[in-house]
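I opened this notebook to record what I looked up in the structure. The entries follow the order in which I worked.

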Amino acid sequence: MICSGHGAFIVLLALSCLIVPITYASKLPSEVLDFIHGDTIKNAGCNTNLSGKRWAILVAGSKSYENYRHQADVCHAYQILKKGGLKDENIIVFMYDDIAFDENNPRPGVIINKPNGGDVYQGVPKDYTKDHVNVKNFYDVILGNKNALTGGSGKVVNSGPNDHIFIYYTDHGGPGVLAMPNGEYIYAKDLNNVLKKKHAAKSYKSMVFYIEACESGSIFEGLLPNNLNIYATTASNASEDSFAAYCPEDYEAAEKYDTCLGDLYSISWLEDSDKHDLRQETLQKQYEAVQRRTVAGVSDRSSHVMQYGNKKQSNECLYYYMGTNPANDKYTFVENPSSPSTLKVVNQRDANLLHFWHKYHKAPAGSHEKLKAQKKLNDEISLRKHVDYSINHIGELLFGNGNSSKVLETVRPSGQPIVDDWNCFKMLVSTYEKYCGSLSKYGTQHMRAIANMCNAGVTMKQMVAASTQTCFKIPPT
């Protein structure tokens with residue numbers, strides 16, 4: 001068996017490859033002291049009398065029980081903001097809302113974000129659910145375009161020049177894109193254009209953007225200027241995966257859920273926010289804490305939390321964006337010395353395989369449940385094989401056997417976006433999906449290959465010819 005972040009179907013039965021322990025190095029005493037006291041004096045002066053409002057947009061970009069963790073992350077984020085003093089009218093939630101009462105949920109109506117955790121679902125606003133969780137509504141909510149919305153609660157970020165905006169997105173992604181449960185992808189260029197438009201309208205004082213997704217750094221790399229009063233962090237850089245956490249076979253209490261309960265980057269900032277007085281913690285301190293917890297000791301199973309935009313804003317207190325829970329008043333900023341020394345993680349794109357395998361493995365032999373689970377498992381494996389084969393074969397037709405992998409796998413230098421012509425990128429993605437079917441959340445990893453086709457000058461006519469020659473039968477999605 002070969003353990004790899006890509007082509008994961010080949011490691012299906014080797015769960016030791018899917019679940020990888022992360023070991024955290026202990027800190028030296030001097031580092032501990034610096035970590036505890038580094039910003040104490042500077043943070044003490046946080047202004048708690050803000051002249052503007054706080055706004056928040058929380059987005060879970062997936063659906064289906066195997067992606068339980070994304071909606072759990074978003075629900076947890078809501079609870080932090082609510083306890084921090086934000087009003088529901090200023091918190092806008094995008095989530096498909098098909099997890100809490102899914103037949104697989106062992107606690108109907110309850111969502112947890114860690115083993116033995118409390119319910120994070122109670123009270124969460126259902127602003128945009130099901131088909132209303134889409135790119136257009138997301139952009140219109142950011143821009144405050146209430147009249148352009150299609151469905152949902154109608155809530156938008158109706159912010160003013162003194163307001164602070166926090167946006168959190170969690171789901172699957174790929175080079176240059178973030179996924180949504182319906183319709184088109186979020187393309188990095190389009191999202192950054194929306195943020196520029198929001199800035200031009202002078203409708204906020206500052207903004208913070210957190211993204212959990214594979215290759216999430218590509219959303220801002222070479223695209224987000226440092227003069228928009230926007231500070232962003234991402235779970236990974238532009239060319240690496242991010243990871244799910246609290247998965248079955250890691251925690252006994254998670255076994256009955258058959259699915260991962262959280263994402264490593266997300267639970268890192270969420271659990272950090274749960275316990276601290278956010279009037280005494282800067283964005284930079286949280287970034288450093290999340291970075292330490294997210295970077296793994298195994299090089300091919302780690303991600304590097306990144307910062308983009310106006311990094312000077314990292315000196316601001318989290319309080320400006322999240323408020324603070326009064327129960328955490330005067331809580332000293334220090335790492336929990338009793339935190340686990342190891343945490344097992346699963347590649348974001350492999351977490352559904354783990355779920356399907358778990359369901360199959362646990363079902364009684366010969367039962368209808370066993371057959372159903374086996375079909376889902378086989379369909380997922382078939383889809384992955386199809387996507388991998390079709391992208392590679394298209395590349396060979398376009399560039400020849402000898403040059404294909406070199407062209408498709410090229411990673412541009414830091415500071416450059418993945419593609420120059422974003423219209424070409426969209427066109428080739430839609431052409432592939434028209435003739436070969438959906439890339440799927442797994443296949444978004446191949447977005448770099450398609451971007452590189454554009455960078456190499458591939459035309460739509462060439463892509464159509466290569467796609468039709470490659471794809472004869474499209475597997476179920």
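This is a predicted model: local features need pLDDT of at least 70, side-chain atom pairs count only at pLDDT 80 or more; totals for chains, interfaces and linings use all residues.

Entry 1. I began with the overall content. The protein has 16 helices and 13 strands. Of its 477 residues, 58% are buried. I then looked at contacts with a separation of 6 or more, and found that 78% of them come from residues 24 or more positions apart.

Entry 2. I traced the sheet of six strands. The sheet is open, its order is β3-β2-β4-β8-β9-β12, and its pairing is mixed. β3 (91–94) and β12 (306–309) are the edge strands; each has a single partner strand, so one side of each lacks a neighbour in the sheet.

Entry 3. I asked which strands β4 pairs with and in what sense. Strand β2 (residues 54–60) runs parallel to β4 and is joined to β4 by seven bridges. Here Arg54 has His164 of β4 as its bridge partner. Strand β8 (residues 206–212) also pairs with β4 in the parallel sense, over seven bridges. In this pairing I located Ile167 opposite Phe209 of β8, and Thr170 opposite Glu212 of β8.

Entry 4. I next checked what packs on this sheet. Helix α6 (residues 188–200) does so, touching β4, β8 and β9 (230–234). The direction of α6 makes about 165° with that of β8.

Entry 5. For the strand as a whole (residues 164–170), seven of seven residues are buried.

Entry 6. I then turned to the open sheet of three strands. Its order is β5-β6-β7, and the pairing is antiparallel. The edges are β5 (173–174) and β7 (186–187), each of which pairs on one side only. Two bridges link β5 to strand β6 (residues 177–178) in the antiparallel sense. Gly173 has Leu178 in β6 as its bridge partner.

Entry 7. I looked up one helix pair. Two packed helices are described by the angle between their axes and the distance between the axes. For helix α7 (residues 264–275) and helix α8 (residues 283–294), the angle is about 135° and the axes are 9 Å apart. α7 is therefore oblique to α8. The crossing of α7 past α8 is right-handed.

Entry 8. I listed the residues of this contact. From α7 come Leu264, Tyr265, Ile267, Ser268, Trp269, Glu271, Asp272 and Ser273; from α8 come Gln286, Ala289, Val290, Arg293 and Thr294. By type, six residues of the contact are nonpolar, four are polar and three are charged.

Entry 9. Last, I examined Leu343, which lies in strand β13 (residues 342–347). Why does Leu343 count as buried? Its relative accessibility is 4%, and buried means under 20%. I also noted that Leu343 and Ala245 are 98 residues apart in sequence, while their C-alpha atoms are 7.6 Å apart in space.

Note on methods: Residues are numbered from 1 along each chain as its sequence is written. Side-chain values use heavy atoms; hydrogens and water are left out. Axes are lines fitted to C-alpha atoms, for helices over the stretch in contact, and angles run from 0 to 180 degrees between N-to-C directions. Helices (H or I, at least four residues) and strands (E, at least two) are DSSP runs, numbered from the N terminus. Angles under 35 degrees count as roughly parallel, over 145 as roughly antiparallel, 65 to 115 as roughly perpendicular and the rest as oblique. A crossing is left-handed if the near helix is turned anticlockwise from the far one by less than a right angle, and right-handed if clockwise. Contact means heavy atoms within 4.5 Å. Ala, Val, Leu, Ile, Met, Phe, Trp, Tyr, Cys and Pro count as nonpolar, Asp, Glu, Lys and Arg as charged, and the others, Gly among them, as polar. Buried means under 20% relative accessible area, exposed over 50%, partly exposed in between (1.4 Å probe, protein chains only). Two strands pair if DSSP finds at least two bridges between them.
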